[in-house]
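Have a look at this one with me before we meet. I've jotted down a few numbered points to go through with the model open.

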Amino acid sequence: MSQMRAQRVGEQMKKELSDILMREVKDPRVEFVTVTGVDVTGDLQQATVYVTVMGESEDKEETLKALRQAKGFIRSEIGKRINLRKTPDIEFDFDESIAYGNRIEKLINDLKKED
């Protein structure tokens, strides 16, 4: 039961985080950030936010640095928007699944060309 609640809270956080990053955070380093998922622990104490960033690897690192600096502001905004007893602690991480999927697709296309 707690896992279903954690999934619902994660989905709500994903929606609110996307809105906060788009409208509230004024840092130019977080302009091209997309929130792809949020994993919340069963006790709702911690949340890992998965993001993708358009740009080079240096841009990605700067964006992650900016997100970590704005973590307090983002967490307080989440607390205002979602009615929870305690707002989960937020940690940002890159979502490598899109790059991994693109690499697999490229490998499959290369195999098809060889035939």
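1. Start with the largest pocket, which holds about 220 Å³ of space. A pocket here is, on a 1 Å grid over the protein atoms alone, an open set of points where a 1.4 Å probe fits, with protein on both sides within 12 Å along at least five of seven lines; the volume is the space filled by probe spheres set on the points.

2. Thirteen is the number to remember for the lining: of those 13 residues, Thr52, Val53, Lys60, Asp95 and Ile98 are the closest to the pocket's centre. Lining residues have an atom within 4 Å of a point. Strand S2 (46-53) and helix H4 (97-114) each give at least two residues to this lining.

3. This is a predicted model, where local features need pLDDT of at least 70, side-chain atom pairs need 80 or more, and totals for chains, interfaces and linings use all residues. Numbering runs from 1 along each chain as its sequence is written, and side-chain values use heavy atoms, leaving out hydrogens and water.

4. Zooming out, you'll find four helices and three strands, in the order α-β-β-α-α-β-α along the sequence. These are DSSP runs (helices H or I, at least four residues; strands E, at least two), numbered from the N terminus. The C-alpha trace spans about 60 × 40 × 20 Å along its principal axes.

5. Finally, helix H1 (residues 2-23) packs on helix H3 (residues 71-81) at about 125 degrees, with the axes 10 Å apart. Axes are lines fitted to C-alpha atoms, for helices over the stretch in contact, and angles run from 0 to 180 degrees between N-to-C directions.
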